[in-house]
Amino acid sequence: MVLSEWQKNLNSYSSISENQYLTKIDTELNVNQQSDIKTRKISKGKTYTTSPLHSVELDQSSETSNTSYDQLINVSIITEFFPPDYAATGQLIEELVKQLEKQGIRIRVFTGQPGYAFTTAKAPALEQLGDILVQRSRSTQVWSNRIRGKAINGVLFTLRAFLHIIKNVRKNDVFLLTSAPPFLSVAGYLAHLLLKFPYVCLIYDLYPDIAIALGVVSKKHWLAKFWWAINRQIWQKSKGIIVLSPAMKERVIAICPEVADKVSVIHSWGDPELIVPIAKENNWFAKEHNLVNKFTVLYSGNMGRCHDLDTILATAQQLQDEPIQFVCIGGGPKRESFIQDVTRLGLKNFIFLPYQDKSVLPYSLTACDLSLVSVEAGLESLVAPSKLYPALATGRPIAAICPEDSYLRSLIAEGKFGISIDNGDSNALAAFIRKLKSDRQLTEKMGNASREYLQSNFTPEIIAKQYLNVLRESMM
């Protein structure tokens with residue numbers, strides 16, 4: 001077997017240098033990304049410099065909070081998922097609204113009834129969480145585990161959202177419309193045509209592009225063309241567009257160049273106060289699943305059509321005779337077929353567990369020595385894995401399986417908290433796992449870098465300020 005250049009460097013990491021170890025990672029932003037860096041003046045004497053990876057606030061005046069300007073902003077957030085749902089988008093929105101509330105913003109959330117909850121299938125129609133008002137649609141969840149059922153649920157929720165907006169819009173409201181479900185922004189757009197309120201689009205996943213990439217629909221199909229046309233209209237009328245990665249920004253601008261100055265890259269986040277590093281020998285979850293004395297590789301989150309599980313499977317095959325445990329926590333469309341493949345191959349080095357309650361996450365996410373993040377080839381500009389950010393908080397190294405032009409590679413190169421692996425390169429991933437297993441000092445070094453990188457860039461407080469900037473601008 002011929003070792004790749006990366007693997008040769010890996011073998012000599014300890015005796016050479018960190019730069020050589022990272023030879024396969026692109027440490028420079030590309031020309032398009034660098035040209036995207038700009039400085040914008042925001043009200044109250046502050047300047048914000050934004051780049052594809054970060055939004056950095058340059059303070060030109062004393063820090064103030066709960067200002068009279070902020071108090072004028074009422075933000076209505078429309079999203080299908082919100083706790084008690086355990087869907088990642090819902091949990092992120094919950095953390096975001098709590099942070100915005102601390103900034104003096106009055107928040108209302110319109111959401112659906114639980115479709116992915118542990119203990120309840122019904123939540124209160126009206127719920128007050130501190131100063132945050134949560135209103136839930138009366139529409140029910142049907143066949144939520146099937147694509148057709150999810151589409152029907154999405155349509156029902158979108159209709160309810162349209163009626164909610166019409167009934168509840170206020171003169172000084174700004175609406176934040178998520179892409180959950182993907183066509184939710186249509187409701188906001190149509191209501192805007194009638195009532196002329198400002199709205200901001202938050203794009204988690206880019207449709208119809210994902211459906212095209214997955215072969216669900218052809219890019220020449222009338223539905224895809226119609227969806228793109230609607231997107232262009234929605235984006236042009238919006239006051240702002242938030243995407244989760246530089247590649248997503250480039251894709252949106254390619255579809256609709258007229259909105260180039262409206263698109264902001266704001267990453268997801270992890271909470272370093274909720275997720276803290278816990279040694280496995282002190283972790284009840286690791287003890288319960290017999291992980292303390294095994295080098296453990298964790299994949300936690302959705303096992304969906306956009307995630308590369310084949311590379312993980314092939315890597316586990318290579319390592320099946322070594323004391324290395326793979327743990328997969330979560331669900332998704334690929335979960336059952338993944339379990340079937342593991343069974344067919346006779347692999348004994350896998351544990352599959354269901355989604356865990358939020359209270360368990362501080363323990364389940366830290367019951368490992370390495371976390372995995374994966375994106376299928378061809379989808380790098382369409383999705384951004386939110387699982388990366390809580391994984392950073394755990395203080396563990398991260399291996400990202402992703403295409404060559406994925407933004408994940410730039411983050412890893414900058415933070416030096418792990419390695420990026422080409423889709424299908426199970427040899428490289430296996431070599432990296434073996435290296436970490438044999439070099440605890442390297443594992444600890446990368447783990448420390450992981451948490452430090454999160455705390456410097458992707459905490460809820462840092463990200464909420466970036467959302468606040470976009471919401472302020474939408475009111476101007």
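**Salt bridges and burial in a predicted model**

K358 is partly exposed, its relative accessible area being 24%. The model is a predicted one.

Reader: Why is K358 called partly exposed?

Author: Its relative accessible area is 24%. Buried means under 20% and exposed over 50%, so K358, at 24%, is partly exposed.

Reader: What makes the contact of K358 with E94 a salt bridge?

Author: The closest N and O atoms are 3.6 Å apart. The cut-off is within 4 Å, so the pair counts as a salt bridge. K358 lies in the loop between strand 14 (350-353) and helix 14 (361-364), while E94 belongs to helix 5 (residues 88-102), and 264 residues separate them.

Reader: Why is E94 called buried?

Author: E94 has 12% relative accessibility; buried means under 20%, so the word applies to E94.

Reader: How do you know that D209 and R251 form a salt bridge?

Author: Their side chains meet at 3.0 Å, N to O, and the rule asks for within 4 Å, so the pair qualifies. D209 sits in helix 8 (residues 209-213) and R251 in helix 10 (residues 246-255), 42 residues apart.

Reader: Which of these two partners is buried and which is partly exposed?

Author: D209 is buried at 5%; R251, at 28%, is partly exposed.

Reader: What makes D439 and K435 a salt bridge?

Author: Their closest N and O atoms are 3.8 Å apart, so the pair meets the cut-off of within 4 Å. D439, at 15% relative accessibility, is buried, and K435 is buried at 14%.

Reader: How many salt bridges does the rule give?

Author: The count is 14.

Definitions and conventions: Residues numbered from 1 in each chain as written. Predicted model: local features only at pLDDT ≥ 70, side-chain atom pairs only at ≥ 80, totals over all residues. Heavy atoms only, no water. Helix = DSSP H or I, 4+ residues; strand = E, 2+ residues; numbered from the N terminus. Buried < 20%, exposed > 50% of the residue type's maximum accessible area, 1.4 Å probe, protein only.
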